[in-house]
Amino acid sequence: IELVAGGTLTVVNVHGNSGLKLSDTECRVALFSAVFEDLDGAPAVSGEQNVVLGDLNTDPGRNHTFDASAVKWNDHVGPGKAFRMHTAVGPDVLPTYAGNFNIDHVASDAFVGTCVHPAATPKTQPVSPIVYFDHKPAVCTLR
């Protein structure tokens, strides 16, 4: 994205495949490797400023003890890493998916800020009246 003020913003939308079989986790590992390490010779996040967002289909704050794809994500995102999480992670964070997990995330290498999940974050309203939608969108203020 070319910014009016100059420079560019690269946005990478990820949607990891679901499941916990070895083939599922291996596929997500390959996806996160392409995002952060090598997609045809360079990482997908090789722009001046980068935002990665989407449905990871793994919870990097809870699944890192048994899911290699959560480990791969955490290799690149978190304290002391090039990318920081803007959505909440961790075993004590209020789950936003199926009452058990946080799989919808936003991370960047150039911004600070936080996100809320409407209808899941306390004192927020849903963005849609559809009650059977299983994901809660992330609404972020990043600077």
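Buried means under 20% relative accessible area, exposed means over 50%, and partly exposed lies in between (1.4 Å probe, protein chains only). This is a predicted model: local features need pLDDT of at least 70, side-chain atom pairs count only at pLDDT 80 or more, and totals for chains, interfaces and linings use all residues. Residues are numbered from 1 along each chain as its sequence is written, and side-chain values use heavy atoms, leaving out hydrogens and water.

**View 1. The R62–D59 salt bridge joins two buried residues****.**
R62 and D59 meet through their side chains, at 2.9 Å from N to O. A salt bridge here is a side-chain nitrogen of Lys or Arg within 4 Å of a carboxyl oxygen of Asp or Glu. R62 and D59 are both buried. The structure holds 3 salt bridges.

**View 2. The whole chain has 2 helices and 6 strands****.**
Helices (H or I, at least four residues) and strands (E, at least two) are DSSP runs, numbered from the N terminus. Starting at the N terminus, the order of elements is β-α-β-α-β-β-β-β. The C-alpha trace spans about 40 × 40 × 30 Å along its principal axes. The radius of gyration of the protein chain is 15 Å, which agrees with the value near 15 Å for a compact globule of 143 residues. That radius is taken over C-alpha atoms, and the globule rule is 2.2 Å times the number of residues to the power 0.38. Of the 143 residues, 38% count as buried. Contact means heavy atoms within 4.5 Å. Among contacts with a separation of 6 or more, 62% come from residues 24 or more positions apart. The accessible surface comes to about 8,000 Å², and carbon and sulfur atoms own 59% of that area. Accessible areas come from the Shrake-Rupley method with a 1.4 Å probe; for residues, only the protein chains shown count as cover.

**View 3. R28 pairs with D67 in a salt bridge****.**
The closest N and O atoms of R28 and D67 are 2.9 Å apart. R28 lies in helix α1 (residues 22–36), and D67 lies in the loop between β2 (50–55) and α2 (68–76), so the bridge ties together parts that are 39 residues apart in sequence. R28 is buried, at 0% relative accessibility. D67 is buried too, at 1%.

**View 4. E37 pairs with K72 in a salt bridge****.**
Here the closest N and O atoms are 2.8 Å apart. How accessible is E37? E37 is partly exposed, at 36% relative accessibility. K72 is buried, at 15%.

**View 5. Helix α1 carries several buried residues****.**
The 15 residues of α1 should span 21 Å at 1.5 Å a residue; the end C-alpha atoms are 21 Å apart, which agrees. The expected span is 1.5 Å times one less than the number of residues in the helix. Which residues of α1 are buried? They are D24, T25, R28, F32, S33, A34, V35 and F36. Their cover includes β1, β2 and α2. A30 also sits in helix α1. This residue is partly exposed, with a relative accessible area of 46%. A30 and V4 are 26 residues apart along the chain, and their C-alpha atoms are separated by 34 Å.

**View 6. I1, L3 and V11 make a nonpolar surface patch****.**
The patch has an area of about 260 Å². Patches are made of residues with over 30% relative accessible area and no salt bridge: like charges are joined within 9 Å, nonpolar side chains (Val, Leu, Ile, Met, Phe, Trp, Tyr) within 5 Å. V11 belongs to strand β1 (residues 10–15). V11 is partly exposed, at 40% relative accessible area.

**View 7. D40 has a positive phi****, and so does A119****.**
D40 is not a glycine, yet its phi is about 60°. Where is D40 placed? D40 is in the loop between α1 and β2. D40 is exposed, at 79% relative accessibility. A119, also not a glycine, has a phi of about 80°. A119 is in the loop between β5 (113–116) and β6 (139–142). A119 is partly exposed, at 40% relative accessibility.
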